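Please read the following explanation with the structure open beside it.

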Amino acid sequence: MAHDLIDQYNLLVFPVVLGRGRRLFPDGGLPTAFEQTEARTTASRISIHSYRPTGRARFGSFALDD
């Protein structure tokens, strides 16, 4: 990840919640923008999402009206 060598990420989401879990991405990584290329759900309700990196993440700001 640190060297931009991954072409596609496949994220599998299981419908189970146990404890605190693990972080998906390590601390200190570069913010990256992603585009979702595919999403589907299996018969056993596992959600499968595929993403491809599209470059560095861009951040904006907004102002709240009083």
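The paragraphs below lead through the structure step by step.

This is a predicted model, in which local features need pLDDT of at least 70 and side-chain atom pairs count only at pLDDT 80 or more, while totals for chains, interfaces and linings use all residues. Residues are numbered from 1 along each chain as its sequence is written, and side-chain values use heavy atoms, with hydrogens and water left out. The mean pLDDT (the predictor's confidence in each residue, from 0 to 100) is 86 for the protein, and 95% of its residues reach 70 or more.

The strands form an open sheet of three, in the order S1-S3-S2, with antiparallel pairing, where two strands pair if DSSP finds at least two bridges between them. S1 and S2 stand at the edges with a single partner strand each, so one side of each is left without a neighbour in the sheet. On average, neighbouring strands of this sheet are turned by 25° against each other, direction ignored, the axes being lines fitted to C-alpha atoms and angles running from 0 to 180 degrees between N-to-C directions. S2 is joined to strand S3 (residues 47-56) by nine bridges, and alanine 33 stands opposite glycine 55 in S3.

Three salt bridges are counted, each being a side-chain nitrogen of Lys or Arg within 4 Å of a carboxyl oxygen of Asp or Glu. In one of them, the side chains of arginine 56 and aspartate 4 meet at 2.9 Å, N to O, which links strand S3 with the segment before S1 across 52 residues of the chain. Aspartate 4 is exposed, with a relative accessible area of 52%, whereas arginine 56 counts as partly exposed at 39% (buried means under 20%, exposed over 50%, partly exposed in between, with a 1.4 Å probe and protein chains only). Arginine 52 in S3 and glutamate 35 in S2 are 17 residues apart, and their side chains meet in a salt bridge of 2.6 Å, N to O. The side chains of glutamate 38 and arginine 40 also meet, at 3.8 Å, N to O; glutamate 38 is partly exposed at 43%, and arginine 40 is partly exposed at 46%.

Technical notes. Helices (H or I, at least four residues) and strands (E, at least two) are DSSP runs, numbered from the N terminus.
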